[in-house]
Amino acid sequence: IIALEYSYEERRDEASSTLFFKDTSTTHNPTLINVFYTTGGVMTKLSHPTSGYNQLWRRNAYDSVASLAAIFENPRVHTGKGYRNAGNAVRGCIKCGEEK
């Protein structure tokens, strides 16, 4: 329902605990949002003014319906959650939660 409120539609069937959405307001380089609902992760793919069409991966990006809605409202929103760089790139196992 959140996706529909912000002009997104499901772009493919759910797979591996992931929901896939596409912005319906544009056809050229549409904004894509993938929601990994078991981990709270989000991937956004959008046109950046200087970097072009690229992806942003955020882990633990939302902790409530409101914070997820904020990402759909503005996929560029800086949530302060989930950002990482090569120096602290650690991933947790989906099944057990153990950091790798």
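**View 1. Lysine 22 is partly exposed, with a relative accessible area of 29%.** Keep in mind for this and every other panel that the model is predicted. What does the lysine 22 side chain meet in a salt bridge? It's the side chain of glutamate 9, at 3.8 Å from N to O. Glutamate 9 sits in strand β1 (residues 8-15) and lysine 22 in strand β2 (residues 18-23), so the pair ties together parts that are 13 residues apart in sequence. Glutamate 9 counts as partly exposed too, at 36% relative accessibility. Searching the whole structure for salt bridges turns up one.

**View 2. Threonine 31 is found in the loop between β2 and β3 (32-36).** Is threonine 31 buried or exposed? With a relative accessibility of 13%, it goes down as buried, since the cut-off for buried is under 20%. Leaving aside residues up to four places away in sequence, threonine 31 touches Tyr8, Phe21, Lys22, Asp23, Lys45, Leu46 and Pro75. Lys22 in that list is the salt-bridge partner of glutamate 9 from the panel above.

**View 3. Five strands make an open sheet in the order β1-β2-β3-β4-β5.** The pairing is antiparallel. Which strands stand at the edges? They are β1 and β5 (52-58), each with a single partner strand, so one side of each has no neighbour in the sheet. Direction ignored, neighbouring strands are turned by 15° against each other on average.

**View 4. Strand β4 (residues 41-48) pairs with β5 in the antiparallel sense.** How many bridges does this pairing run over? Seven bridges link β4 and β5. To find your place in the panel, look for serine 47, which stands opposite tyrosine 53 in β5.

**View 5. Helix α2 (residues 65-73) packs on the sheet.** Which strands does helix α2 touch? The helix touches β1, β2, β3, β4 and β5. Its direction makes about 160° with that of β3.

**View 6. Stepping back, the chain has two helices and five strands.** Reading from the N terminus, the elements go α-β-β-β-β-β-α. Of the 100 residues, 29% count as buried. The accessible surface of the chain comes to about 6,600 Å², and 51% of that belongs to carbon and sulfur atoms. Among contacts with a separation of 6 or more, 25% are between residues 24 or more positions apart.

Methods. Residues numbered from 1 in each chain as written. Predicted model: local features only at pLDDT ≥ 70, side-chain atom pairs only at ≥ 80, totals over all residues. Heavy atoms only, no water. Salt bridge = Lys/Arg side-chain N within 4 Å of Asp/Glu carboxyl O. Helix = DSSP H or I, 4+ residues; strand = E, 2+ residues; numbered from the N terminus. Buried < 20%, exposed > 50% of the residue type's maximum accessible area, 1.4 Å probe, protein only. Contact = heavy atoms within 4.5 Å. Areas by Shrake-Rupley, 256 points an atom, 1.4 Å probe, with all protein chains shown as cover. Pairing = 2+ DSSP bridges. Axes fitted to C-alpha atoms, helices over the stretch in contact; angles between N-to-C directions.
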